[in-house]
Amino acid sequence: MFWILIVLVLMAFLVVMFLYNRLITLRARVENAWSQIDVQLKRRYNLIPNLVDTVKGYMEHERQTLESVTQARAALANAEGVKETAEANNMLTSALKSLFAVSENYPDLKANQNFLNLQEQLTTTENKIAYARQFYNDSVMTYNIACQKIPTNFVAALFNFKEKEYFEVVGESERSVPKVDFSGGNSQTAKDNA
Amino acid sequence: MHKTSFYEQTSKNKRYSQILIILVFCVLVVFSYVIGRVFSPGSTLLFLIFGTLFSVGYIWYTYYNSDKIALSSVSAYPAEGPQFQQLRNVVEEMAIAGGMPSPRVYVMPSPDLNAFAAGRDPEHSVVCVTEGLIKTLNRQELQAVIAHELTHIRNYDIRFVTLVAAMVGLVSIVSQMFLRSLWWGSLTGGRQSRSRGGGNLAFLVLGVLLAVLAPFIVKLVQLAISRRREYMADAGGVELTRYPQGLVSALRKIKSGYSGGPKTRGNAAVAPLFIEDPIKNRLMSLFNTHPPIDERIKILESM
């Protein structure tokens, strides 16, 4: 009789350990995914002054557009927490989109090699942010589901695992991750953008 | 929910790989036994030992070096320099989407439109595209192809496919060895086996039958598996890009690229690793390593 009790306790311990370890793994994945977003955001932050300088000389009459980019960049730097960062990120992406859309009217600028390089760099950084965000949200979903499902939810409550926030803006019209291609369209091939 | 089933898929792949190894080991054991019975009971053990050692060594070598082997078979070179900046960026983007380390990027000097991935696990993986592909596809199509290849890596498909290919090769080698030794044996003193009577004849017949059929059957199974994997990689790729249209349009371009037949000779051994069969006009559809492109497009468009 006594032995049965020991075996049961041991089994319970093993189950709890297994579930706890799974939660730890999932949470670590979420945190890692967030840091990846952070890395890309910082990269974009560093690229933008270069872009603004390159563009300023050519786009004399587009001061408004340039201003909104600079402001959005500053706002993003000051954002705290997932929700604020998501909002600020969206603002900066649209500001950049406007800037590149407007640049279509300046053929001199489009011929500038520096500008083209920056365009590709910013395109890839925007995409990386978008995909890092996608991966982050997927990781959050898996983790949150684990926190809610029985019996993992008991272990989660016991060890104080909190659910994580999604990287999204409330009322966002685009449900899918925004695809960015600042080079102005789908028709350009990889070779053109070299 | 997609993510959960994706991880389930990966563990299923790992499980299947293990089961496959055990299965083929059994085949080899049975084969060795039959061979042993044909020649002499004493040599059964010898064949078993040799067979096991040989197969383990061979499989391990192919698995461990699958990336180097695949790359050298197509004369690939590293994708360095500003002209491949966009390609490298696209690969990094997809690696981030997949939460995996970024594979090394290579280019194949071929005007055909194709790509493959190789490597025993995500940390030691490579992805290789043809020069033709880079020239012809736009950014989103390129991204879709890379996403498909990275899915192969994430799925541990490379490991699975390499193991299967090595084993199929092994079964063929063993059959060949057996059949040849029969031939030589009958020329030089086959009296030994004949003296043991009719029992050995049965095993002889069985052995010959196995030797002829086994490679063939195993090949068909391998091809069926390979086709299934391609569908899964298409789906997994879309899961990364969330944009099935990219892959659809890429596949269309690839299809028309091959309409006149491949311009460079494809290597049959690494064919299953490519996004599309580099060797067109196989004898029957059963021999296709990849499902028909139109089928793949149809499924993608329904997503």
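## Exercises on a predicted model

Chain A has six helices and zero strands; helices are DSSP runs of H or I with at least four residues, strands are E runs of at least two, and both are numbered from the N terminus. This is a predicted model, where local features need pLDDT of at least 70, side-chain atom pairs count only at pLDDT 80 or more, and totals for chains, interfaces and linings use all residues. Residues are numbered from 1 along each chain as its sequence is written, and side-chain values use heavy atoms, with hydrogens and water left out.

**Exercise 1.** Work out which order the elements of chain A follow from the N terminus on.

*Solution.* Begin at the N terminus and read along: the order is α-α-α-α-α-α.

**Exercise 2.** Decide whether B:Phe216 is buried, partly exposed or exposed.

*Solution.* First, find B:Phe216 in helix α9 (residues 198-241) of chain B. Next, recall the cut-offs: buried is under 20% relative accessible area, exposed is over 50%, and partly exposed lies in between (1.4 Å probe, protein chains only). B:Phe216 has 42% relative accessibility, so the residue counts as partly exposed.

**Exercise 3.** Find what share of the residues in chain A is buried.

*Solution.* Take the 194 residues of chain A; buried ones make up 43% of them.

How values were computed. Chains lettered and ligands numbered in written order.
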